Amino acid sequence: MPSPTRHIFDANTLRNFALVGALDHLPALVDGDLCIGRVVREELKQGARVFPQRNFHRLDDPNWATYVTRFQGLDAKLNQLRFTTLEVTSASPREGEFAFLTCLHNEEVMEDGEAESFTLAAYRDLVLYSDEYKVYREGDNFNAHDFPCPYHGNELPEYDITVHSTAWLLLKGVERGVFAEDTAEDYYLAMRDIWPRHPKKTLVELADGDGKYW
């Protein structure tokens, strides 16, 4: 019997769902265990304190207090949803993971939380969710063996990497009947308004191939 699929989420994806009050939907959007890297979890804990200064671009928004409250409750919500926290360490039998993560840092391929999530996905067969296009691009490079890590002589990861975005998750929710298409669109537009780096497209446009979507 095959092992159940496991899923690991970058900070930006979890933040997107948390800020619009949609985090409770995540277990219904994917089948299998929900995971988070320790570095990302610590980032989110820190983010609750610095969120008003660093993570928000419209301090005059009347919903600002609601967003901050949701962000501050994110860690407790992850516990409620039974997220498993995973970690890359140098302890046996995880030396290969640690060497790979060290290589990602040395080569400055991506930031700390992304690098840990990427490493866990490659070595432990997890589906990775991120809204950083570079993570998706590097996943393609990794699968094509056009990648600087691991260094020669270190243990090779066993698995290819699959990366999906917040938009993919919302469309999956529509496909599964978790929420209506207009509800998913409202969630996405709210996420886009909070975090301006989302593609300036609708979900329908992204699904039709207009803009970056994976």
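**How α1 meets α4**

At what angle do helix α1 and helix α4 pack, and how far apart are their axes? In this predicted model, residues are numbered from 1 along each chain as its sequence is written, and local features need pLDDT of at least 70. Side-chain atom pairs count only at pLDDT 80 or more, while totals for chains, interfaces and linings use all residues, and side-chain values use heavy atoms, with hydrogens and water left out.

Helix α1 (residues 11–19) packs against helix α4 (residues 64–72) at about 125°, and their axes are 9 Å apart. From α1, Arg15, Ala18 and Leu19 make the contact (heavy atoms within 4.5 Å), and from α4 it is Tyr67, Arg70 and Phe71. Of these contact residues, four are nonpolar, none polar and two charged.

**An enclosed helix**

Nine of the nine residues of α1 are buried, so the helix is largely enclosed by the rest of the structure; buried means under 20% relative accessible area with a 1.4 Å probe, protein chains only. Among them are Asn12, Arg15 and Asn16. After α1 comes glycine 21, with a positive phi near 70°.

**Histidine 198, a partner of Asn16**

Histidine 198 lies in the loop between α10 (181–194) and α11 (203–207). Its relative accessibility is 3%, so histidine 198 counts as buried. The side chains of histidine 198 and asparagine 16 are joined by a polar contact of 3.4 Å (a donor–acceptor pair of N or O atoms within 3.5 Å). Beyond its neighbours within four places in sequence, histidine 198 also touches residues including Asp131, Tyr188 and Arg192.

Conventions: Axes fitted to C-alpha atoms, helices over the stretch in contact; angles between N-to-C directions. Helix = DSSP H or I, 4+ residues; strand = E, 2+ residues; numbered from the N terminus. Nonpolar A, V, L, I, M, F, W, Y, C, P; charged D, E, K, R; others polar. Buried < 20%, exposed > 50% of the residue type's maximum accessible area, 1.4 Å probe, protein only.
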